[in-house]
Amino acid sequence: MIRVRTTVNGVAYEREVEPRLLLSDFLRHTLGLTGTHVGCEHGVCGACTVLVDGRSARSCLMFAVQADGLAIDTVEGLGEVEALAPLQQAFRDHHALQCGFCTPGMLMTALDLLRHRPGAGDAEIRDLLSGNLCRCTGYQHIVAALRALRK
Amino acid sequence: MSDLRPKHIGAPIKRVEDPRLLAGQGQFTDDRAVPGALHVAFRRSDHAHAEIAAIDAARAAALPGVFAVYTAADLDLPPLVATSRMRDYRATALHPLARGKVRHVGEPVAAVLAESRYVAEDALDLVEIAYRPLPALVDPETAAAAGAPLLHEEAGSNVLAAREFARGDAAAALAAAAVRVGGRFRLRRKAPLALENRACLAEWDRGRRALTLTLSTQVPGIVHEALAELLGLPGHALRVVAPDVGGGFGGKASLYPEEIVVAALAKKLGRAVRWTGDRLEDLAATSQGFDEIVEAELGLDADGAIVALSAEAIGDVGAYSIYPWTAALEPVQVVSFLPGPYRVPAYRGRVRAVATDKAPTGPYRGVGRPAAVFVTERLIDMAARRLGLDPAELRRRNLVRDDEFPYRTPSGIVWDRCGFRETLDRALAAIGYEALRREQERARGAGRLVGIGIATYAELTGIGSRISAAPGMPINTGTETATLRLDATGAVTALFGIASHGQGLETTLAQVIADELGARLADIRIVHGDSAAVAHGTGSYASRSAVLAGGAATAAARLLKERVLRAAAHLLEAAAADLDAADGRIFVAGTDRSLSFREVARAVHSEMGRLPPEAREELEVTRTYDPVFGTTTAATHVALVEIDRGTGKATILRYVVAEDCGRVINPLIVDGQVHGAVAQGIGAALYEEVVYDEAGQLLTASLADYVIPGAGEVPEIETIHLDGESPSTLGGFRGMGEGGTIGAPAAIANALADALGRDVCELPMTPERIFRLMEG
């Protein structure tokens, strides 16, 4: 077992974990932050996307121990059910989610996109979302939500 | 007063479901923490077809952290058998853990129980299974031939179902036709691929001797009935709950071995047992779809009127006849829907469902119709080319006319009044068809490969108890029930047997109830996805929920409203006929006197003496709705596609859908359903294919190999809703969840054929296949 110290959504955690424990499983099952979803565990679908030190990353492709000393942000840190963040509200306004399973990963990728490419046009938005699969929406309403937040 | 009423039906109301899902507070099956639950991992067959000679689980069981390993011999579960009243149907026995033989790669053979999923997976490799390999049946035509090795010896044939539809003398009509076009069409196997993998959690209550199965499913009611029987439990001792479900698309609409094993183990061991599948398991062991070979021929007279259609189809149904739908589901629908929305005076369609050593096929969005529409719409385009007619004009000449509804198709399906031609006209107008053809000519002149493809189709949705061309399953898919309850706080709880998993039914059903009852949207809560909610219900599949549950909600809300008004009439000392309700209040017409729902409910439930005993009616009603024949939904898709000469890559430049989905409950949600379904149709047309090699090994076992469309592959989709109320359903709703997937493969295939000037007879047209077609 290895000690891991990490900050998740601004809260410091210290846990003893197996070295093989995936960051996605650490978040979901060790910390109980089940908002981060797991869709493929091989880095393609993007459902498990979180921010690691402010940049989007696949939590299924990282071990928990690799997050030692790093700051993680998950969907739970974005906003509350009663007080959605502007990004979440834009998703709701534009019907950018259906089953909601890819949504947490999609939101975290979108957060990175909005922070680092705030003026991205539609083609660039689609390109930057290409690492997150959604089987429900056909992406159109997701693009519309991000278009509405374009600066 | 009625003009002032808020109208929820038809309004783009933001979804009730969204806040919890957006805030990471959804509750999917694997999200539920249960301390002490045992984790199951399944050791699955790595052979396509083999006898199991021996299983030695001793080393696996000895691994620290492993609780036990179970095989079929340890569990003594009855096999799952999907029966049917269909003639020429052969049922197959599916043992939840393989017994004697394995029939596809990925079939569960042993279940390892351990303290964690990590340890359970460690132990999988230690389960030693000795196989005696048998010849793998991969090609359905070989498997259907006489003398082929049998997958199910007791069935006596690999042809698990056969069916024929006929009207008139198609052979004679074809022989006499002025123009005949035909081909051999192949739609390759697909995976439904919900983003959430299948998962289940079984919790046994030792005191009450009752089981709760939390399951990522579209059909909690179906699972409840079948599993109670298999486990020998009375219905009240089994509750099947579908919590938030991360997509289904048909892949979660069947009863699976994994949930049977998990439930049986929980009952046997008296503790919580769970399994969460991974993507490899999903691609290897979730039902697949659309694997069809169709040889078809269309005959027309010199004016372009269809005179006959003939088809011979083979459905590759994989290793087992899936419960409850049977192996006949998809193949039979292919030939029953082939005549489409057209007048087809003579028809013969024959189909065989053939078992092979692949994952079983089951329902996948569109079921049979994507293949049928692909074939028929290709034939129409081929015929237009031969006749020198515009493909839109040939469709216009053959679509069932408005004065011909209700129209009975050669397979017995009855199309009720629906805007067939209007969808065509509106879609063409929206894309600017005439101008687009001129633009296409200019692009071609510049050497670009640009094609325009049209697909018009009709489908049956919201099917009731009198299902035409039914596969004869012993379950009732034709009714849904709603229970509405107004409690003393003024809250309305509405219970349903459907199971929303992305369709937004918590919102749309509340919209229906709000309008019918006159309640406030915020006061209504929809309960679904729970077998305990109503006495009978099946779930959400087959574009049925808005029609069936919407109809049940309408009927129940009308009845409840009558009771509320009668109670209010006493309280307001007015005649019930003078009352109406809106926005959570009951008004006396022409006065300013009113009461809130809460005030009336309190008077009925909580305040003794305010109403005479005979006036205290229960403010809880249950209504079951059966749309009997169901209703028709139709659409036309138009695609503009460009092919890269160098790489064979196809890019969709424009996409328009005009559809008649009846009375629109929520246009945001309807748009979303169309977009998502078209995206899946684009996948079916250009990218997605489950590939097995000659030995029956699955080659597309990851998302790097089974490619679904990403944001860059799906264009902006323009949607037009005709909003023509269904004449056949309560509320006027038509089902629309699957249509996009039905129309898109055909429209794109036609666009590719138009761009290349060649016949396109196989989907998906991957860049490689397009390149070969260009070279050939």
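**A tour of chains A and B**

Start by selecting strand β29 of chain B, residues 650–660: eight of its 11 residues are buried, so the strand is largely enclosed by the rest of the structure. Buried here means that 20 or more other C-beta atoms, placed from the backbone, lie within 10 Å of a residue's own. Helices (H or I, at least four residues) and strands (E, at least two) are DSSP runs, numbered from the N terminus.

Before moving on, note that this is a predicted model, in which local features need pLDDT of at least 70 and side-chain atom pairs count only at pLDDT 80 or more, while totals for chains, interfaces and linings use all residues. Residues are numbered from 1 along each chain as its sequence is written, and chains are lettered from A and ligands numbered from 1 in the order in which they are written.

To see one bridge, pick B:I643 and its partner B:A650. The two strands form a hairpin with six residues between them, and B:G648 in the turn has a positive phi of about 80 degrees.

What joins β29(B) in the parallel sense? Select β30(B), residues 717–721: five bridges link these parallel strands, and B:V656 stands opposite B:E718 of β30(B). Show helix α18(B), residues 667–687, as well, and you have a right-handed β-α-β unit made of β29(B), α18(B) and β30(B). Right-handed means that, with the strands pointing away from the viewer, the path from the first strand over the helix to the second runs clockwise.

Keep α18(B) selected and bring in chain A. The contact between the chains takes 47 residues from chain B and 44 residues from chain A, counting residues whose C-beta atoms, placed from the backbone, lie within 7 Å. On the side of chain B that touches chain A, α18(B) gives the largest share, seven residues.

Next, jump to helix α11(B), residues 369–387. Its 19 residues should span 27 Å at 1.5 Å a residue, and its end C-alpha atoms are 26 Å apart, which agrees; the expected span is 1.5 Å times one less than the number of residues. This helix is mostly covered, with 17 of its 19 residues buried.

Finish in chain A, where the domain assignment gives domain 1 (2–76) and domain 2 (86–148). Their C-alpha centres lie 21 Å apart.

How values were computed
Buried ≥ 20, exposed ≤ 12 C-beta atoms within 10 Å, placed from the backbone. Pairing = 2+ DSSP bridges. Contact = placed C-beta atoms within 7 Å. Domains from an automatic or database assignment.
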